[in-house]
Amino acid sequence: MPLSLQSPPCATLSASIQKGRWKTLAAGFSVTPLPAVNFSLRRSIPRILASASSSSSPSSSSLEAGENNELNAVSAFSEIVPDTVVFDDFERFPPTAATVSSALLLGICGLPDTIFRNAVDMALADSSCAGLETTESRLSCFFNKAIVNVGGDLVKLVPGRVSTEVDARLAYDTNGIIRKVHDLLRLYNEIDVPHERLLFKIPATWQGIEAARLLESEGIQTHITFVYSFAQAAAAAQAGASVIQIFVGRLRDWARNHSGDNEIESAIKSGEDPGLALVKRSYNYIHKYGYKSKLMAAAVRNKQDLFSLLGVDYVIAPLKVLQSLKDSPAIPEDEKYSFVRKLTPETATHYHFTNKELVKWNQLSLASSMGPASVELLSAGVEGYANQAKRVEELFGKIWPPPNV
């Protein structure tokens with residue numbers, strides 16, 4: 001039976017975290033410390049989408065209906081996902097689904113007044129965790145309880161699915177990922193969260209993709225993230241991942257400062273943006289060969305990106321882009337902003353793939369096909385998530401036990 005706290009233990013964490021403010025990056029579903037940036041979680045819902053629903057229809061978007069603006073026009077083709085956790089932005093762009101992560105836990109504990117604070121406090125006061133013998137097992141238990149408690153709160157606040165980050169320190173351990181997901185699912189069961197409301201967010205390492213295959217075979221929905229190459233996307237689709245997340249802008253950023261990646265250079269040579277090209281190829285592959293995965297385009301930087309991706313299942317878009325769409329009447333000013341679905345299952349049937357792309361992916365073929373961009377960006381993403389998880393446990397260790405436990 002969890003103990004009740006008279007004073008929230010997270011308050012002790014605020015001083016150490018307030019040295020850095022927080023800004024959400026929904027494209028990476030992460031919160032990155034930046035000096036002079038602030039965000040509020042007083043009454044907000046993290047607008048970090050895992051997936052709005054199991055339906056493939058984009059018409060379920062919760063964005064405002066009935067207005068003849070560009071936002072509603074593009075929402076007829078894809079589920080448009082606001083990138084925000086700020087309350088004012090939640091008022092403008094209500095959420096349909098969310099992600100709970102180690103970065104979000106850090107943000108919650110660094111703010112004096114959030115609707116999720118009690119969820120973390122109750123985890124830190126849980127007697128079943130407190131009774132564990134080793135510090136490592138105790139902190140891991142607190143971490144699991146906290147992330148599930150916050151996820152449970154989010155399930156009550158959004159109509160769609162909630163994606164739960166799986167500890168990135170397990171990114172190269174298939175069995176470890178599966179055990180962690182089972183542990184988290186058991187905790188969700190204890191608070192009566194239905195399985196169909198959940199996704200589990202796993203990095204796109206080979207071990208992560210293999211874990212997704214095994215979990216999906218059990219009926220557990222997975223969300224593969226840090227996808228930066230066609231090989232990763234195709235392998236995740238073959239594994240039956242429910243959601244595959246591609247970071248458009250990050251590939252573009254890498255291409256601006258690096259060279260030597262054949263997949264990126266081939267896209268550029270064809271006159272295509274490498275991030276947009278990867279989404280297009282992955283979408284066409286999924287639909288041409290009948291895979292169940294839904295595709296999510298993240299790190300979308302501008303309106304032209306969004307218009308180029310119309311038809312993809314989900315698009316995470318910055319607030320400045322959404323506001324511009326909302327403020328603009330649905331009359332395209334030029335051809336590049338025409339309201340035409342660019343990606344369709346029908347056109348996918350005519351897309352050509354090479355024999356090299358149509359292999360049954362395994363660990364060796366994936367490793368040999370990932371270029372330097374996907375290797376570097378995947379590694380950086382895993383390292384960043386792992387460091388955030390470690391920081392959560394370190395912070396929990398500093399304030400446990402609370403005075404009244």
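The model is predicted, so local features need pLDDT of at least 70 and side-chain atom pairs count only at pLDDT 80 or more, while totals for chains, interfaces and linings use all residues. Residues are numbered from 1 along each chain as its sequence is written, and side-chain values use heavy atoms, with hydrogens and water left out.

**Largest pocket**

- The largest pocket holds about 560 Å³ of space. A pocket here is an open set of points on a 1 Å grid over the protein atoms alone, where a 1.4 Å probe fits, with protein on both sides within 12 Å along at least five of seven lines; lining residues have an atom within 4 Å of a point. Points are joined across faces, edges and corners, and the volume is the space filled by probe spheres set on them.
- Its lining has 28 residues, and Asn262, Glu263, Arg281, Glu357 and Ser369 lie nearest the centre.
- At least two lining residues come from each of α10 (230-239), α12 (262-269), α13 (274-288), α17 (363-369) and α18 (372-399); helices are DSSP runs (H or I, at least four residues) numbered from the N terminus.
- The largest share, five residues, is supplied by α12.
- By type, the lining of the largest pocket has 13 nonpolar, nine polar and six charged residues. Ala, Val, Leu, Ile, Met, Phe, Trp, Tyr, Cys and Pro count as nonpolar, Asp, Glu, Lys and Arg as charged, and the others, Gly among them, as polar.

**Second largest pocket**

- About 350 Å³ of space lies in the second largest pocket. Lys145, Val148, Asn149, Leu187 and Ile191 are the closest to its centre among the 18 lining residues.
- Two or more lining residues come from each of α5 (117-124), α7 (135-157) and α8 (174-190), and α7 gives the most, with seven.
- This lining divides into nine nonpolar, three polar and six charged residues.

**The disulfide**

- There is one disulfide in the structure (cysteine sulfur atoms within 2.5 Å). Cysteine 129 is joined to cysteine 141, S to S 1.9 Å, and the link is left-handed, with -65 degrees about the S-S bond.
- Cysteine 129 sits in helix α6 (residues 127-130) and cysteine 141 in helix α7, so the pair ties together parts twelve residues apart in sequence.

**Buried residues**

- Cysteine 141 is buried at 17%, and cysteine 109 at 2%.
- Threonine 174, in helix α8, is buried at 16% relative accessibility. Leaving aside neighbours within four places in sequence, threonine 174 is in contact (heavy atoms within 4.5 Å) with Gln207, Glu210, Ala211 and Leu214.

Terms used. Buried means under 20% relative accessible area, exposed over 50%, partly exposed in between (1.4 Å probe, protein chains only).
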